[in-house]
Amino acid sequence: MTTTDHVDVDASGLEAEAAALDAADRLRRFRDAFVGSEASLVYFDGNSLGRPPRASVERLATFLRDEWGGRLIRGWDESWMLLPFTIGDAIGRTAIGAAAGQTVIGDSTTVLLYKLVRAAFDAQQTADPERIEIVVDRDSFPTDRYVVEGIARERGGRVRWVDADITAGVTADALRAAVGPRTAVAVLSHVAYRSGYLTDAAALTRIAHDAGALILWDLCHSAGSVPVEADDWDFDLAVGCTYKYLNGGPGSPAFAYVARRHQAKLAQPIQGWMGTADVFAMGPEYRPAEGMRRFVSGTPPIVGMLAMQDTLEMIEDAGIHAIRTKSIALTEFAVRTADAVLAPLGVTVASPRDPALRGGHVNLSHPSMRQVTEQLWGQDVIPDYREPDGLRIGLSPLSTSFTETHTGLLAVAAAVRSLG
Ligand SMILES: Cc1ncc(COP(=O)(O)O)c(C=O)c1O
C-alpha cells in the first residue's frame with residue numbers, strides 16, 4: 001500500500017464518522033446562527049476571530065438606527081453607562097464562573113493586563129517590599145510577556161521566567177519551583193495559545209497562594225470554550241478576549257475579572273474620569289469608584305460590545321459544559337484524523353493528546369506549515385500559522401462542524417503533499 005492509498009482508505013472512513021458525529025451533535029442548530037456557515041469555506045480560526053452571529057447583523061443595525069441614531073447622547077444615561085458591567089456579569093455567569101460585580105468589559109486585553117498586573121504588583125509591594133518578582137511563562141502570548149517586562153522595568157521589579165515544553169504548558173511542579181517569598185504576582189494562561197495545553201487553574205492558583213503570591217489568569221483561549229470557575233477556583237484576577245470564542249468582532253474590547261475581596265485594595269494605574277466615584281462631578285482630583293468601575297479608565301467602547309451579547313445568549317442556551325463536551329469531541333476527531341491522514345506525511349500533533357489537558361485548538365507541526373497556510377487561505381481553508389512550523393486548528397464548538405473539520409484536514413494533507 002502506498003502512502004496515498006493509506007490516506008484515501010482512512011479518509012473515507014473518517015468522512016462517514018464526521019457525518020455521523022454531525023447528525024448526533026446536540027449543538028448542531030447553533031452553526032446556522034453564524035454568518036457564512038452555509039458556505040463551503042472551512043474556518044479553523046474561530047479561536048482567533050470568531051464568525052459573526054447572524055443576530056448581530058440586526059442588533060448592530062438596530063443600534064445604529066434606533067439607539068445611537070434615535071436616542072443620541074441620551075443613550076449614555078438610558079443604558080450605555082451600565083453596559084460594561086451588565087455584559088461583564090453575563091460573561092461571569094455564562095462563561096467564567098464569576099458572581100455578579102466582579103467582571104467588566106474595558107480596553108484591549110493588553111491594556112487590561114497592564115492595569116491589573118500593575119495594580120497587583122503595587123499592592124503586594126506595599127504589603128511586603130521583598131516581593132519584587134513577576135512570574136510568567138516564557139512561552140506565553142507575547143503581549144503577556146511584554147506587559148510584564150514593562151511593569152518590572154517601570155517599578156524596579158524583576159521577571160521570573162517559567163520554562164515549559166512548547167507542545168504542552170506550565171505544570172504544577174514548574175510553577176512551584178518559580179514562586180516563593182519574592183513573588184508578587186504570577187501571570188499564566190489557562191489555555192496555551194500555541195499548544196492548546198489546558199492547565200489545572202485551581203491547583204496552580206493554590207500553589208501561587210501558598211507562596212503568598214497573587215495570580216492573574218489569561219482566559220483568552222478558554223472563555224466560551226472551556227469552563228472556568230473563577231470564584232470556586234479562588235482566582236484573584238483574570239483577563240480575556242471577546243473576539244475569539246465570544247464572537248465580539250475584530251478588536252472588540254476585552255473583559256477583566258477582579259475578585260471582590262481585592263477590589264477596594266487595588267489601585268489601577270490609568271486613572272481616568274470614567275473610573276471615578278462620581279463621573280460627572282468633574283471633581284478636582286481622582287477618587288476611585290467602589291467596585292469594578294474603578295478599573296474603567298475612559299469612555300467605554302459601546303459599539304464593540306454589541307455582537308458578543310448574541311454569543312453570550314447562545315452560550316447560556318447551550319450551557320458551557322455542553323460546549324466543552326463538543327469541543328473535546330471536535331479536537332479528538334481532529335487528532336484522530338491527523339493521525340490517519342497527516343502522520344503518514346510527517347506531520348506531528350504538537351498539542352496534548354489527553355483531552356483533559358487540551359483546550360479548543362490543536363497544533364499540527366511540519367516544516368512546510370507556513371507555505372501550507374498560505375496555500376490553504378487561497379483555497380478558502382483558513383487555519384492559523386504559529387511559529388515554529390505550527391498549523392493551528394481552532395475548533396469553535398458553536399460554529400464548527402465535524403464535516404468542516406474533516407474537509408479542512410484533508411485539504412491540509414493535500415497541501416502538505418503538494419509542497420513536499
Ligand atoms: C492568550 C492571549 N493573550 C492576549 C492576547 C492579546 O489581546 P489584545 O490584542 O486584545 O490585547 C491574545 C490575542 O490573541 C491572546 O491570544
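**Entry 1: H12 against H13.** I am working with a predicted model. I started with helix H12, residues 369–378, and H13. Their axes come within 9 Å and cross at roughly 120 degrees.

Which residues meet here? On the H12 side I found Gln-371, Val-372, Gln-375 and Leu-376. On the H13 side I found Ala-411, Val-412, Ala-415, Val-416 and Leu-419. I sorted this contact by class and got seven nonpolar, two polar and no charged residues.

**Entry 2: H11 against H13.** Next I took helix H11, residues 320–342, with helix H13, residues 402–419. I read that the axes come within 10 Å and cross at roughly 30 degrees. That angle is under 35 degrees, so H11 is roughly parallel to H13. The crossing of H11 and H13 is right-handed.

I listed the contact residues. H11 brings Leu-330, Phe-333, Ala-334, Thr-337, Ala-338, Val-341 and Leu-342. H13 brings Phe-402, Thr-405, His-406, Leu-409, Leu-410, Val-412, Ala-413 and Val-416. By class, the contact of H11 with H13 has twelve nonpolar, three polar and no charged residues. I wrote a reminder beside the list: an α-helix has 3.6 residues a turn, so residues three or four places apart point the same way.

**Entry 3: Phe-402.** Buried or exposed? Phe-402 counts as buried, because it has 26 C-beta neighbours inside 10 Å. I left aside the neighbours within four places in sequence and checked its contacts. Phe-402 touches Ala-18, Leu-21, Asp-22, Leu-330 and Phe-333. I also checked Thr-110, which is 292 residues from Phe-402 along the chain. Their C-alpha atoms are separated by 33 Å.

**Entry 4: H10.** Helix H10 covers residues 307–318, which is twelve residues. From first C-alpha to last I got 17 Å, close to the 16 Å expected at 1.5 Å a residue. Which residues of H10 are buried? I noted Ala-307, Met-308, Asp-310, Thr-311, Leu-312, Met-314 and Ile-315. Their cover includes helix H2 (54–71), helix H4 (83–96) and H11. Just after H10, Gly-319 takes a positive phi of about 90 degrees.

**Entry 5: H4.** The buried residues of H4 are Pro-84, Ile-87, Gly-88, Ala-90, Ile-91, Gly-92, Thr-94, Ala-95 and Ile-96. What covers them? The cover includes strand S2 (103–105), strand S7 (237–240), strand S8 (255–258), H10 and H11. Just after H4, I found Gly-97 with a positive phi of about 65 degrees.

**Entry 6: Ser-40.** My last stop was Ser-40, in the loop between helix H1 (3–24) and strand S1 (42–43). Ser-40 is exposed, because it has 8 other C-beta atoms within 10 Å. I then looked up Asp-380, which is 340 residues from Ser-40 in sequence. In space, Ser-40 and Asp-380 are 8.1 Å apart, C-alpha to C-alpha.

Technical notes
Residues are numbered from 1 along each chain as its sequence is written. This is a predicted model: local features need pLDDT of at least 70, side-chain atom pairs count only at pLDDT 80 or more; totals for chains, interfaces and linings use all residues. Axes are lines fitted to C-alpha atoms, for helices over the stretch in contact, and angles run from 0 to 180 degrees between N-to-C directions. Helices (H or I, at least four residues) and strands (E, at least two) are DSSP runs, numbered from the N terminus. Angles under 35 degrees count as roughly parallel, over 145 as roughly antiparallel, 65 to 115 as roughly perpendicular and the rest as oblique. A crossing is left-handed if the near helix is turned anticlockwise from the far one by less than a right angle, and right-handed if clockwise. Two residues are in contact if their C-beta atoms, placed from the backbone, lie within 7 Å. Ala, Val, Leu, Ile, Met, Phe, Trp, Tyr, Cys and Pro count as nonpolar, Asp, Glu, Lys and Arg as charged, and the others, Gly among them, as polar. The expected span of a helix is 1.5 Å times one less than its number of residues. A residue is buried if 20 or more other C-beta atoms lie within 10 Å of its own, exposed if 12 or fewer, and partly exposed in between; C-beta atoms are placed from the backbone.
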